[in-house]
Amino acid sequence: MNRVLAVYHKELLTYFRSPIAYFVVAVFLVGTGYFFTYNMFLSGSASMDETFRNMGILILTLLPLVSMRLFSGEQNGRTMELLMTLPLKIWEIVLGKFLGAVTILLLMTAGTFIDLVPLYLFGNPQTTTIIAGYIGFILLGMACLAVGQFFSALTQNQIVAALITVSALLAFWFIGHLQNFQTSYALRNLFGHLSFALNFADFIQGLMRSEAVLFYITVSAIALTLNAGYLQWRR
Amino acid sequence: MIALESVSKRFGSKAIVHDLSFTVEKGEIVGFLGPNGAGKTTTMRMIAGFTTATSGRITVAGFDMATENDEAARKIGYVPEHPPLYDTLDVTQYLTFIARVKGVSRGEVRSEIDRVATACRLESVLRREIYKLSKGYRQRVGLAQALLGKPEVLLLDEPTAGLDPGQIQETREVIRSFGEHHAVLLSTHILPEVTLICRRVAIISQGRLLAIDSPSGLQRASEQTNRVTLTATAPAESLRSELLSLAGVTAVVTKEVPGNAHMLNVECQTDARDGVEAAIARAVASRWDLLRLERQQPTLENIFLRYVSQSPPESSTPE
């Protein structure tokens, strides 16, 4: 675990010594702030529903910027050779990096808490619904980061890694819409289960379905396993 | 400490390293010589565990690299060709990361970093960001990283490439002092470096081991042919035929001394028999003026070039 922590610590240092983390967090908070204000004035109700939905789409495009450098940067900077020859197991590298990226996600999430202040000052929001929404948001973000981390291992070009990740995440987000074009029950069901958006929608409404929780955790686990497997295979 | 047993590496159908076997013992520095693309870096990477061998067995400090990679990694300090540095970190942060990964306990990280910083003369840049460092410092941070955690084996891939003469001197001293108690494999292009600090030399070309011996052993082995050079005032043609008529002289090349049309520089290839120089001296001096005569020891450079140029692609390894 010490070695995972060492990798984690190094990742955080690297994030905060490059402008990308600051940029991503700033854009995310400005965006969320805008959507929050807009939604509140439009609906006039003290809820985060619409804002969560917007935050979901926002991180689909922003988190790939966080995950893109995880392995692409190592390959590009020729430090991959170092990581792979240090006394580190591959899963320790993968986990340490993932936790580093998740920390950025948590910081982004914490930044949005400021929106809750006017909500509680001037309205009477449902706390449990909001908590469920945040849990869903973090789970969604973790799945996005894991997918991004996997794609980042495939190329040494960070831009390419980010673009592939955005495409994959958008596909996962909108796959639910394919339901409308299917008559086959099995296919409709499958698309529904695979959809990042539909699984997230439950959380927004305050539903913590274990199925949805499991879905995001499974996606993260599969992506990280593929990530580690790929690195091992390339050795 | 390092043992390779008929190790091969192929990428697809292309063989990069072919049936390579050698060992590096504790307390010796072995120089690893070869032209570009000979498979030096690939071999280093296999020993370091970055890539796996297609066939054969590599053991480091008794651990099989194929199955006990993790245990072996603790015993290895590896400096790749391009120093693997995180540009945005400062030197201390970088070395702290490496030390912690190598299992140096929290309390000892500080003293361990001080130790390698002193050995690599990095004291003055410990707080500087790595991207601001000059090439010489970058190279030495790469070396310092490898020394952390007191590894038993040191793999150095061209550690002095791109350094100025003063830095090369300092780096060599670090390597030499390290070689007294550890096993060091040093790949390099710089041949004098090998003669200066290596106990043995391995020459590889096209992925095959051509020779492994001490520098003086290699020199002895190639003394079957010698070179005698002389300067004399004589007409070129008759000197040439005179020399070629002597027993033991196999080839003669004459060149005019610049600025003096009557003087000639002559290079004779001779075989190893004793007294060839004396015979040449007598023959030349009896008819013309002999100004200089010298028998030349083969340099490591000549030996290296001979081995490399003599290796036909599919021949077996000469001993």
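Here are a few questions and answers on how terms apply to this predicted model. Residues are numbered from 1 along each chain as its sequence is written, and chains are lettered from A in the order in which they are written. Local features need pLDDT of at least 70, side-chain atom pairs count only at pLDDT 80 or more, and totals for chains, interfaces and linings use all residues.

Q: Why is α6(A) called oblique to α12(A)?
A: Their axes, lines fitted to C-alpha atoms over the stretch in contact, with angles running from 0 to 180 degrees between N-to-C directions, cross at roughly 135° and come within 9 Å. Under 35 degrees counts as roughly parallel, over 145 as roughly antiparallel, 65 to 115 as roughly perpendicular and the rest as oblique, so α6(A) is oblique to α12(A).

Q: What makes up the contact of α6(A) with α12(A), by class?
A: Ala, Val, Leu, Ile, Met, Phe, Trp, Tyr, Cys and Pro count as nonpolar, Asp, Glu, Lys and Arg as charged, and the others, Gly among them, as polar. Trp91(A) and Phe98(A) are among the α6(A) residues that meet α12(A), whose residues there include Leu224(A) and Asn227(A). The contact has seven nonpolar, two polar and no charged residues.

Q: How do you know that β9 and β10 of chain B pair?
A: Pairing takes at least two DSSP bridges; these strands have five, in the antiparallel sense. In one of them, Ala202(B) partners Ile212(B).

Q: What makes β6 and β10 of chain B edge strands?
A: The open sheet runs β6-β7-β8-β3-β9-β10. Each of the two has a single partner strand, so one side of each is left without a neighbour in the sheet.

Technical notes:
Helices (H or I, at least four residues) and strands (E, at least two) are DSSP runs, numbered from the N terminus. Two residues are in contact if their C-beta atoms, placed from the backbone, lie within 7 Å.
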